[in-house]
Amino acid sequence: MSAGRAPRVSVLIPCAPRQQYLEETLISIQKQTFQDWEVVLVLDGECEENRRMAAVLPEDQIQIVVTSRPRSGIAAARNAGLPECRGDLVAFCDGDDLCEPERLARQVAEFDRRPGLGMLATWSRRFNSETGADLGPRRCPAESDALARRLLLFNPVTVSTVMARPEVVREAGNFRDAAIQCEDYDLWLRILGRAEVAALPEELVRYRVHEGQFSHRAKIMPQSGLLRREKLAAARRLGWSVPVARAKHLAWVGVQLANRRF
């Protein structure tokens with residue numbers, strides 16, 4: 001990326017203080033075969049350690065944003081970074097996950113091929129951070145209609161795999177603080193019916209599993225009412241059966257109760 005020129009892709013990375021894996025994440029971006037990118041790193045609280053790790057990237061390829069209040073949360077951190085993203089595509093990535101070298105190239109090519117596409121996920125592969133052991137893939141439907149129907153049941157999408165058009169994210173209302181521990185799923189539902197969604201059936205992100213990980217202890221049943229409203233609204237926008245969407249949500253609630261995520 002040349003100085004002064006907007007990049008094609010902004011990689012948005014929210015980061016809590018003392019994020020020990022941040023440097024590895026940034027190096028995985030640096031190794032992309034597609035090089036027209038910038039990183040917008042959002043520090044959710046000032047942290048010199050994170051700033052030192054950010055220095056692995058050239059100054060002209062990284063912007064550092066600090067949230068107005070420390071520990072504002074993941075939704076607020078991503079929202080703080082979105083206005084700073086200069087690219088016409090934004091790639092989400094958490095500060096502990098790793099992008100395969102072809103990730104940006106493959107997603108940009110798909111957006112170029114499909115002008116109506118608003119959000120594009122990929123498959124991912126989980127690994128144990130301590131041992132490096134392979135924990136298997138996380139996959140979702142690739143075709144637009146099938147992915148939308150799956151989203152009305154549960155969230156099969158890893159946020160670090162998603163690339164989207166910023167205007168689609170804005171139209172949907174950005175991430176919401178109220179969607180505690182499911183802010184990504186809430187946004188995907190609000191995008192449904194506003195723009196085409198799809199996924200590449202390729203494992204282009206390595207999802208790190210480690211102790212203390214937020215998603216491992218997430219209790220999202222308190223957000224059941226919010227998600228129900230968005231699922232029904234998405235079904236209406238898509239012209240699909242609202243009673244079926246309601247039934248799918250009840251099935252999802254049953255799974256959450258069985259897994260004690262309340």
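Helix axes here are lines fitted to C-alpha atoms over the stretch in contact, and the angle between two of them is taken between N-to-C directions, from 0 to 180 degrees. With that in hand, in this predicted model, helix α8 and helix α9 (residues 242-258) pack at about 150°, their axes lying 9 Å apart. Angles over 145 degrees count as roughly antiparallel, so α8 and α9 are roughly antiparallel to each other. The crossing of α8 past α9 is right-handed. On the α8 side, the contact takes in Ser 224, Leu 227, Arg 228, Lys 231, Leu 232, Ala 235 and Arg 236; these meet Val 242, Ala 245, Arg 246, His 249, Trp 252 and Val 253 in α9. Sorted by class, that makes 7 nonpolar, 2 polar and 4 charged residues.

From α7, Tyr 185, Asp 186, Leu 189 and Arg 190 meet Leu 226, Leu 227, Glu 230, Lys 231, Ala 234 and Arg 237 of α8. The tally for this contact is 5 nonpolar and 5 charged residues, with no polar ones.

Then there are the strands. Strand β9 (residues 196-209) runs antiparallel to strand β5 (residues 98-99), and 2 bridges join them. Here Cys 99 stands opposite Val 205 in β9. Strand β6 (residues 117-128) is joined to β9 by 11 bridges, and this pair runs parallel. Thr 122 stands opposite Leu 200 of β9.

Key. Residues are numbered from 1 along each chain as its sequence is written. This is a predicted model: local features need pLDDT of at least 70, side-chain atom pairs count only at pLDDT 80 or more; totals for chains, interfaces and linings use all residues. Side-chain values use heavy atoms; hydrogens and water are left out. Contact means heavy atoms within 4.5 Å. Helices (H or I, at least four residues) and strands (E, at least two) are DSSP runs, numbered from the N terminus. Ala, Val, Leu, Ile, Met, Phe, Trp, Tyr, Cys and Pro count as nonpolar, Asp, Glu, Lys and Arg as charged, and the others, Gly among them, as polar. Two strands pair if DSSP finds at least two bridges between them. Angles under 35 degrees count as roughly parallel, over 145 as roughly antiparallel, 65 to 115 as roughly perpendicular and the rest as oblique. A crossing is left-handed if the near helix is turned anticlockwise from the far one by less than a right angle, and right-handed if clockwise.
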